[in-house]
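This report covers a predicted model. The sequence and structure are shown below.

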Amino acid sequence: MTFALSKFRSFLPAATFAMAAEFLMGLSDSVICGHILGETGLSAVNLMQGVFEIVTFVGMMVTVGTSVLFATELGALHVRRAQGYFTLGTVSAVAFGLLTAAVLAVVRTPVIVAFGASPSVSEMAASYWLWFLPAATLQPIAFFLGTMCYTDGDARLSFCSYLAQLLGNCLLSVPLTLAYGAAGCAVGTGLGSLAAIVVLLFHFRSKGCMLGWSRHFIFSDILKISSKSFGDASKNIGKAALMFALNAYVIAKFGSEMLPVLAVVVMTIGISEMFDGVANAAQPLASVYMGEKNPLLTRRVMHAALVTALVEGGGIMLLLLAFPGLMLSLVGIDSPVTVSEARLAVRVVSVALPSLALMLLFNSYYVFIGREKLSSVLTLLAVFGLPITLYPVFGSFCGAHGVWAALALAPALALGLVALYVLACGGRSRFPFLLSKDREAALRVFDLELDPAAICGASAAVGAHLRTHGVEGRRASKAALLVEETLMVVHDHNSGKRIKAEVTVDLNDGLMLVLRDDGVIFNITDVDARVSSLRSYLVSNLMTAIPVRRNLTTTGFNRNVFKL
Amino acid sequence: MEIKTTTDGTRLTIAVSGRVDTVTAPELAAALNFGDATCVVIDLADVPYMSSAGLRLLLSSHKTMIGKGGELQIANAQEAVREVLDITGFSDILNLV
C-alpha cells in the first residue's frame, strides 16, 4: 500500500465518524422528538429541516473555503498567509452565526404559517424554532473550529468535539424534551454545540497547532473564501429550498399525515452526509498535493476516494433495501399505514445513496481544483434543480411514490449530465478529475516502506531517474544521498515500526525533492538538531549545504521539501 | 558491488566498483582486511555514490592504519563522492590522491 493510500485510509475513520456524528446530530432531534412527542413531534422537527440546512450552509460558507485555502497556503509553505485566512474565517463564523439567528427570528412566524400544517404541528415547530436560535449562532462556530482543527491534523480532538456535541445534545435534550417539549429539545441542541466549542479550544494548547490569529482583513480574501465555499455549501442552500418546498407540497397534496413518511425519507437521504467523510479524508492530502502542483498524487488520492465513496454508498443502499425498517425504528413510527408507506419510501430513496456519495465527493473535489462553478452546478442540480422539477411531475402521475422516485433519480441524473459536460470539455484523458497532464512528464513518485534495502533502492532509483532526465551526475548523486540519509534517519527514529514513505521528484521548476513519511514527527531540516551519529552529522551538513529546504508537519505526517 | 584486491609488497590496493550505501557497506567492510600492509590504497574510480555508511568505513580504516603506523590513501574519488567528503570535512582528514 502506498503512503498516500495509507494516509487516506488512516484519515478515513475519523472523517467518517465525524460526519456520522454530524448526521446523528441532525437525526437526534428527530429521534428524540419522534419517541417522546410522537409523530406530531417528528413532523414538527421535519418542518425545521430547511432551517437546519440554512444554518449548515452558513457554517460551510466560512469553513470550506477557509480550510481549503489554509491547507493550500500551508502546502505552499506560506504560514502567515494561512493564519490570515483562519483569522478571517473565525471572524466570519461568529458574525454570520449571529446574523443567521437574527434573520431566522424575523422570518419564523410567516414561514410556519406558509407551510399550512395542522395547528398542533405548527405550534410545536414554532416553539422549537424560537429556542433553536442560540444553536443557530453556535453551530457555525463549532463546525468551523472542528473542521479547522481536523485540517490542522488533530483528527482525534475534532472527533472528540463531535462526540461532545452529540452526547451533550442527546443527554441534555432527552430530559429537556420531557420537561419542556420541543423547545427543550432545541435548547439541548444549542448546549451540545457549546460543549463542542469548549473541547475544540484545547487544540490551541497543543504543540503542533498551526492555527493562529493574525491581523489580516482583506475584503478580496473574504470573497475568495466565499467563492471556494459556495460550491460545497450550495448543496445546503439547495436542500434548504427543497425542504421548504417539499414540506409545503406534501402537506398541500397529501396532508400533514404524510409528514412522518417525508421525515423518514429526508432522514434516509440525510445518511449521505456521512459520505462527505470520504472527501474530508481526501482533502488534507489532496490540498497539499494541489499546493505542490502534483496532479499525479492528487489523482491517486481521488481515485481511492472515488472507490471508497462507491463502496460506502452501495453498501448502505444494500443494507436499507434489505432492512428498511431500520430507519423507521429510529423514530418510533408504528401506525400500520405509515409503516407500510415509509418502508417502501426508504427502499426507493436508498437507491440514490451511491450517486449521492459520488456527487458529494465531486462536489468537494471540484472546489479543491478551483472549479467552484462546476461544483455548484452539480450540487444544485442534484439536490434542488432536478428534484424540484421532477417531483411535481412524478407526484401527479404516481402520487407519493412518484415523489420518492423523483428524489431517488435526481442525483444520478445530475451526475450523468455533469459527466457529459466534463467529457466534452476535458476529453477522456482528463475525465473525471479534470487534472492537467502537462506537469506529469516531469514528475516521478517513489513509494516505499522504510527498511535499509528499500531506502537504498529508492535512493539508487532517484539517482538513475535524474541522470536519465539530463540532470548532471553531481546533483543527481546529491539528491540520491539526501534520499538515503534522511530516510535512514527517519527509519532510525522509528525503530521497530512500519513506516511508509513517499519520495517525489519534481523537475518542472528546477529540481525539487519532497520526502513524506508517517513516522514520529520531527524536523529533519533543523541544522541545530542534536548530532548523535555520523549519519546525523552528514544530514546536518547536507541541510547547511541546501539553502532551500522546508519542513512541514501540519497534516499528521512529516513533509520535507528540498530544492537542489 | 565489486571489490578487487591487489598486493604489491606491503602496498595493498582495494579497487571498489558500484554504489557504497547502507546495504552494500557491510560487503566492503568484510573486504577491508589489511593484513601486514603498511600502505593501503582504496581506489574509488568506479564508485559513483557513497553515503555515510561508506564514510564510516573510510574513517575506521584511516584510524586502523594510523594506529599501526601505516598510511591510507583514497584514490580517484569521483566528483560526487569528493563532494560528500568535502561536506563532512573528511577531505581534510583523509589522504586524497
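## Helix α2 of chain B

Helices (H or I, at least four residues) and strands (E, at least two) are DSSP runs numbered from the N terminus. The buried residues of α2(B) include L55(B), L57(B), L58(B), S61(B) and H62(B); buried means 20 or more other C-beta atoms within 10 Å of a residue's own, with C-beta atoms placed from the backbone. After α2(B) comes G69(B), with a positive phi near 75°.

## Sheet of chain B

Chain B has an open, mixed sheet of five strands, ordered β1-β2-β3-β4-β5. Strands β1 (2-8) and β5 (95-96) of chain B are at the edges with a single partner strand each, so one side of each has no neighbour in the sheet. Pairing requires at least two DSSP bridges between two strands. Strand β4 (residues 71-75) of chain B runs parallel to β5(B), joined by two bridges; Q73(B) has N95(B) as its bridge partner in β5(B).

## Chain A

Chain A contains 18 helices and five strands. Its C-alpha trace spans about 80 × 50 × 45 Å along the principal axes, and 57% of the 564 residues of chain A count as buried.

## Conventions

Residues are numbered from 1 along each chain as its sequence is written, chains are lettered from A and ligands numbered from 1 in the order written. In this predicted model, local features need pLDDT of at least 70 and side-chain atom pairs count only at pLDDT 80 or more, while totals for chains, interfaces and linings use all residues.

Technical notes: Buried ≥ 20, exposed ≤ 12 C-beta atoms within 10 Å, placed from the backbone.
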